[in-house]
Amino acid sequence: MLLAETSRAQAVPPATSTGQAVVVLGRTEFPINEYFTISFTLRGAPLDRYSAFPDIEGFKKSGKLNTTTTRTVGGQSSIELTITQRYAAYQEGEFELPPFTITVNGNPIRSPGATLEVGPQQTAPTPPATGANPNNQPLQGIGLLDELFGKPKPDAYVEPKDHAFLALVADKSSVYVGEGVHVSMYFYLTPADQGLLDFYNFAGQLPGIMQQLQQRTAWGEHFEDQEITPETITVGGKSYLRYRLYETELYPLTAEALRFPSISLQMVKYKVAKDPTADPTDRLEGYKTYFTEPLTIAVKPLPPHPLRDQVAVGRYQLREAIDRTTFQVGQTFTYTFSVEGEGNLATLSAPTLRPQPGVELYGPDIQQDLTRQSGRVGGRKRFTYRLVPRQPGPLLLDSLLTLVYFNLATARYDTLRPQLVVSVQDAPRKAAFRPRPDDPFYTEALQAADNTLQPLDAYRDVRRYANVVLVLLLGLAGFGWWRGGRQGAA
């Protein structure tokens, strides 16, 4: 794979044990139908890790290119690895690439940024017809490389032997029905092979690889696609770079074995010039196909059990939660039965409910949080219930809700039971007046009380008499005021 034309680069930092790297920007003036590129080149060490390339406003990331080059100077060979990120512009115009930093093998490399000018689309000029030469003028410009220098001669190149291989790896050789097995496909190569091999149209090959890895008798949890970056490992005492190409978690649904055929992957492999004094960058591109060994994973049936075809399989534990600390008759409370651990949570059914007298139960509301990390699939599944106790006393949650599962840690069936203890109190009653029968005051008062029935309108008659008296008093006061006024005038 050839890198896009470059126009500027930063100063090369001093070499360290992690190698030396430099950031390179592509052309800053280009038509909209061409890519802008940001690359970094690493020399003197294998690539261990690197940070993400920056996002550019107005551009979309459009894949990466990996290029390795072997250089021989003074009889010593060195390998350069270049990672290039391509960007496609959405529209024409001027865009700003702010300063950014890329960390390669733990070493930060800064770039001052640039101003990008995206022009209108350009089409390649149509070459003149063979023999066309207006006015019999000499031909101007540069023709194709093959026309100038001739086509490469395969006899002048040799294909070095590589130590790369493709492997399909499972973390277990046998599993129970319902137990997860992690399957990954890796490509291994030695650091010296970096200059000989490169990926070829992996995005186009991946759908076919995934189709061959599918199993009709298993539930699959596919891991999100990640950037294909190398990690350094040791195999048989030899250092390798390992690329994780695909990974999935499979849960067998039947006792039929999981069988994987031999998977193929086509790679670019370069031939180098036979003449050791020739240009070290002079290579002839070719292709080589690598194959995995067929893989079979045995599947064992679960031990006999009345619920063998219904139980979940995994490594689980129970987490409980309740929304209050005191409980009264007729008062609703919420209880959460939460199952955490590794396994296929999608097949985990709600706990078995055994109704009890004196309690009403509603639900459950189900929530699931799935995690895929470090080759493991699991998470948490919560079952939330609402309970209304109808009688006081202890409420036995451990006999109300139970969940049977097959515990992979012990290879036996196990049961998750609530451990919380709920004590229901009787609802408080309204206070009532109850005299003591042995109190002499109430004894005499009750004996002397009049038990004659009173009319219901007695209070209305009292109100009427009071109004009459009030009118008489007002009349008497008015008469006195009138008499007093006449005597004063006389």
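Buried means under 20% relative accessible area, exposed over 50%, and partly exposed in between (1.4 Å probe, protein chains only). This is a predicted model, where local features need pLDDT of at least 70, side-chain atom pairs count only at pLDDT 80 or more, and totals for chains, interfaces and linings use all residues. Residues are numbered from 1 along each chain as its sequence is written, and side-chain values use heavy atoms, with hydrogens and water left out.

**Exercise 1: salt bridges**

Task: Work out where the partners E159 and K269 lie, and whether each is buried or partly exposed.

Solution: 
- Side chains of opposite charge can pair when their charged atoms come close. Here a salt bridge is a side-chain nitrogen of Lys or Arg within 4 Å of a carboxyl oxygen of Asp or Glu.
- A search of the whole structure gives 14 salt bridges.
- The side chains of E159 and K269 form one of them, at 3.2 Å from N to O.
- This pair links distant parts of the chain, 110 residues apart: E159 is in the loop between β11 (157–158) and β12 (165–170), and K269 is in strand β20 (residues 264–273).
- E159 is partly exposed at 42% relative accessibility, whereas K269 is buried at 5%.
- Now compare E340 and R319, whose side chains meet at 3.4 Å, N to O. E340 belongs to strand β25 (residues 333–343) and R319 to strand β23 (residues 312–322), so their bridge ties together parts 21 residues apart in sequence.
- E340 is buried, with a relative accessible area of 15%, and R319 is partly exposed at 43%.
- To finish, follow the shared partners: salt bridges join E159, D162, K269 and K288 into one network.

**Exercise 2: the neighbours of β30**

Task: Which strands pair with β30, and in what sense?

Solution: 
- Two strands pair if DSSP finds at least two bridges between them.
- β23 and β30 run parallel and are joined by three bridges; here G314 stands opposite N407.
- Strand β26 (residues 352–353) is antiparallel to β30, over two bridges, with L353 partnered by L401.
- Strand β31 (residues 412–416) is also antiparallel to β30, over five bridges, and Y405 faces D414 there.
- β30 and β31 make a hairpin with four residues between them, and A411 in the turn has a positive phi of about 55°.
- Six of the seven residues of β30 (residues 401–407) are buried, so this strand is largely enclosed by the rest of the structure.

**Exercise 3: an annotated span**

Task: What secondary structure does the model give to residues 465–482?

Solution: 
- UniProt places the feature "transmembrane region" (unreviewed entry) at residues 465–482. UniProt positions are given in the numbering used here, feature names are shortened, and annotations may be inferred rather than shown by experiment.
- In the model the span is 100% helix and 0% strand, and its end C-alpha atoms lie 26 Å apart.
- W482 sits in helix α5 (residues 458–489) and is partly exposed at 42% relative accessibility.
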